[in-house]
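Please look through the structure below, starting with the overall layout and then moving to single residues.

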Amino acid sequence: MSERSKHDPSVYGKVKRRKSEYIFCSVTFDEGYKSYYYLTDDDSIEIGDFVLVPAGKDNHEAVV
């Protein structure tokens, strides 16, 4: 952990994730009300962020 991150409130208040723990990201596409869940290893994602996910039958990339 860098010296700067020790004093950054968005970092020091978080519990460090164990390697055995999973992070799921819940997304809702603009056209629907259904939530989809994706497994991620990016623990910097926050509520309201846009993410790139595979979508549709052909798994094309979509930003949601």
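In what order do the elements of the chain run from the N terminus on? The order is α-α-β-β-β-β, which amounts to 2 helices and 4 strands. The model is a predicted one.

The chain has 64 residues, and 17% of them are buried. Its exposed surface comes to about 6,100 Å², with carbon and sulfur atoms supplying 53% of that area. Among contacts with a separation of 6 or more, 20% are between residues 24 or more positions apart.

The interior comes next. In soluble globular proteins, nonpolar side chains tend to be buried together. Here the largest nonpolar core consists of 9 residues: Cys25, Val27, Phe29, Tyr38, Val51, Val53, Ala55, Ala62 and Val64. Two or more of these residues come from strand E1 (23-28), and two or more come from strand E3 (52-55). Phe29 is one of the core residues. Leaving aside residues up to four places away in sequence, Phe29 touches Tyr36, Tyr38, Val53, Ala55, Ala62 and Val64.

Where does Tyr22 lie? Tyr22 is in the loop between helix H2 (9-12) and E1. Is Tyr22 buried or exposed? Tyr22 counts as exposed because its relative accessibility is 63%, and the cut-off for exposed is over 50%. Along the chain, Tyr22 and Asp41 are 19 residues apart, and their C-alpha atoms are separated by 7.5 Å.

Methods
Residues are numbered from 1 along each chain as its sequence is written. This is a predicted model: local features need pLDDT of at least 70, side-chain atom pairs count only at pLDDT 80 or more; totals for chains, interfaces and linings use all residues. Side-chain values use heavy atoms; hydrogens and water are left out. A nonpolar core is a set of buried Ala, Val, Leu, Ile, Met, Phe, Trp, Tyr and Cys residues joined through side-chain atoms within 4.5 Å. Buried means under 20% relative accessible area, exposed over 50%, partly exposed in between (1.4 Å probe, protein chains only). Contact means heavy atoms within 4.5 Å. Accessible areas come from the Shrake-Rupley method with a 1.4 Å probe; for residues, only the protein chains shown count as cover.
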